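Trainee: I have a new structure to read. Can we go through it together?
Mentor: Gladly. Ask away.

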Amino acid sequence: MNQKEKDIIIKYAMDEISKSELSLALPQYSGDKNIISRYAEAIQEKNADNIIYLAMLPKQNLNSLIEVERKLLLQNWHNTHEDIAQLFQKKFNNNKVNIDYLLKAIKNIPEYLKHDNLKYQYIRQLIYAIGAQPEPDSINALATLTKSEDEKIRNLAAHQIEKRKQYGRWEVKNI
């Protein structure tokens, strides 16, 4: 991605140009298939800067990007993990397969988030994202996390289970 392309994407993100003007100026970034292809290039090149710009582009079907986001969640060379965790909580929350990726992400905290304050804020987001996934798999995963060696993770998972009980979103009886 060159600087001219980045500038056009910024103009779109700031509502200075419309979606149709963006598509005319950058047809190679128009449509989910093109965006997925660009993400694949950025991932292969480990280009964190391009990942940020690609996230600003309009998507027709956000769910078409789930594989890209799963892959990015487990990569350590970019700095958009918190945004991705929120996507799994709010948008990609209907597939139990996501739970495995979220659990792996808890075990593989990126370097830039290793400071305790940032680490546990990120882990909290991941635990919320796990809780948002389909039951009973989400509850089982949270129950597993309550057995973690890390006390803060145990407490965050237990709190999420209690919240789910409180709001009646709890199917597993043996926790």
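Trainee: How many aromatic pairs does a search of the whole structure find?
Mentor: This is a predicted model, where local features need pLDDT of at least 70, side-chain atom pairs count only at pLDDT 80 or more, and totals for chains, interfaces and linings use all residues. Residues are numbered from 1 along each chain as its sequence is written, and side-chain values use heavy atoms, leaving out hydrogens and water. Rings of Phe, Tyr and Trp (its six-membered ring) pair if their centres lie within 6.5 Å. The search finds 1 aromatic pair.

Trainee: Which residue lies over the face of Tyr29?
Mentor: A charge sits over a ring if NZ of Lys or CZ of Arg is within 6 Å of the ring centre and within 35 degrees of the ring normal. At 4.8 Å from the ring centre of Tyr29 lies Arg38.

Trainee: How far from the ring centre of Tyr101 is the charged end of Lys104?
Mentor: Lys104 places its charged end over that ring. The distance from the centre is 5.7 Å.

Trainee: How many helices does the protein have?
Mentor: Helices are DSSP runs (H or I, at least four residues), and strands are E runs of at least two. The protein has 0 strands. Its helix count is 10.

Trainee: At what angle do helix 9 and helix 10 pack?
Mentor: Helix 9 covers residues 137-145, and helix 10 covers residues 151-166. Axes are lines fitted to C-alpha atoms over the stretch in contact, and angles run from 0 to 180 degrees between N-to-C directions. The axes lie 8 Å apart, and the angle is about 145 degrees.

Terms used
Rings of Phe, Tyr and Trp (its six-membered ring) pair if their centres lie within 6.5 Å; planes under 30 degrees apart count as stacked, over 60 as edge-to-face and the rest as tilted.
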